[in-house]
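Let's take a walk through this protein together, one piece at a time. Have a look at the chain first, and then we'll go through it.

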Amino acid sequence: DAGPRLDPVRSNGPAAAAPAPIAGDILERTRAAVRSRHFSPRTETAYLAWTSRFLRTPGLSLGTAAEPELGRFLTALSVEGHVSASTQNQALNALLFFFEHVLGRKPGLVEGVVRAKRPERVPVVLSRDEVRRVLAQMGATPRLMATLLYGCGLRLLECCNLRVKDLDFDQGEVTVRAGKGDKDRRTAFPTSVREPLRLHLEKVRRLHEDDLRLGLGRVELPNALSRKYPNADKEWGWQWVFPATSHYTDRLTGQRRRHHLHESVLQRAFKEARLKARIAKPAGCHTLRHSFATHLLEDGYDIRTVQELLGHQDVSTTMIYTHVLNRGGRGVRSPADQLGLEDMPR
């Protein structure tokens, strides 16, 4: 297993000078600072990437590095790299964390650098018919996953991270563990998907039993549960709902484990299905979550209910879907419809 890439953002500016040597202990200290605060693995990867990139700045001296060096790096990133507002803010957050929690210096005002204002975009939403057409073009497992994205309002990784114990067929709910912001939540369990999901789990159980007979059957457990419960990683309840087709070797323990299906599998399947369904909207897997929220509001559910199902911390985040409801002519008669254009010769 190769480690994470430490330079995920490509710059369109001039070629950078040869990178300066990076002190490995600095990155390890950064990693330890991130993990001690229980940030997500993706946040850890991003923060290490930006720290590594900053440390490769020609002529940088960590002993004297302060606001001017940080400002020049971020300004070049924005002006020469032409990165998006979210990428610029991510780099700023990562380097402010590095200065404060690794170097022990809390930067003051960074001259010439401001937190970029993220543009307000109306989310892409598929109609119910468009969702049906896309799902009809997908294979069995991708269709199940996509149906859960739409029917439960899940994020892509939340769906991939589902474990058998998170599905409650009797209560009719799905529990999302450690979602965005490391928060748990419960959401709806579509009736239409329960029987296909039961059949799917029967296949997964047979796969797990075959693994156990071969001395395998382990999965990764969150935090330190594997030390507290040494055999829990073999239990049926902890198995992935959508397991990968092959095993991997854990770098720390040397154990052979099965990971969940990689998110790119569903992303590719969704894109192919969208193209086959002849849908021109730039829709991706996350569009199904947007469609879930919009269609619930169309059906008359109150916005606080939708907020809880989506796991939004603030209702203002959920309010963006009311903007979608107010567009597309709902409740508004266009003035062009009063001109009698349909009666004009063509």
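Predicted model: local features only at pLDDT ≥ 70, side-chain atom pairs only at ≥ 80, totals over all residues.

Residues are numbered from 1 along each chain as its sequence is written, and side-chain values use heavy atoms, with hydrogens and water left out.

Now the overall picture. The protein chain comes to 14 helices and five strands; helices (H or I, at least four residues) and strands (E, at least two) are DSSP runs, numbered from the N terminus. Of its 346 residues, 41% count as buried, where buried means under 20% relative accessible area, exposed means over 50%, and partly exposed is in between (1.4 Å probe, protein chains only). Among the contacts with a separation of 6 or more, 64% come from residues 24 or more positions apart.

Back to our pair of helices. The axes of α2 (residues 41-55) and α3 (residues 67-79) come within 11 Å and cross at roughly 110°. Axes are lines fitted to C-alpha atoms, for helices over the stretch in contact, and angles run from 0 to 180 degrees between N-to-C directions. The two helices are therefore roughly perpendicular to each other (under 35 degrees counts as roughly parallel, over 145 as roughly antiparallel, 65 to 115 as roughly perpendicular and the rest as oblique). By class, their contact has five nonpolar, no polar and two charged residues. For these classes, Ala, Val, Leu, Ile, Met, Phe, Trp, Tyr, Cys and Pro count as nonpolar, Asp, Glu, Lys and Arg as charged, and the others, Gly among them, as polar.

In the loop between α3 and α4 (85-101) you'll find His82. His82 has a positive phi of about 55° although it is not a glycine, and at 56% relative accessibility it counts as exposed.

Arg128, Val131, Leu135 and Ala136 of α5 make the contact with Arg143, Ala146, Thr147 and Tyr150 of α6. Sorted by class, the residues of this contact are five nonpolar, one polar and two charged.

Time for some strands. Strands of a sheet pair through backbone hydrogen bonds, either parallel or antiparallel. Here, an open sheet of three strands has the order β1-β2-β3, with antiparallel pairing; two strands pair if DSSP finds at least two bridges between them. β1 (167-168) and β3 (185-188) are the edge strands, each pairing on one side only. Two bridges join β1 to β2 (residues 173-176), and Leu167 stands opposite Val174 in β2.

Finally, look at the loop between β2 and β3, where Ala178 lies. Ala178 is not a glycine, yet it has a positive phi of about 50°, and at 48% relative accessibility it counts as partly exposed. Gly181 lies in that loop between β2 and β3 too, and is exposed, with a relative accessible area of 63%. The C-alpha atoms of Gly181 and His312 are separated by 9.6 Å, although the two residues are 131 residues apart along the chain.

Definitions and conventions: Contact = heavy atoms within 4.5 Å.
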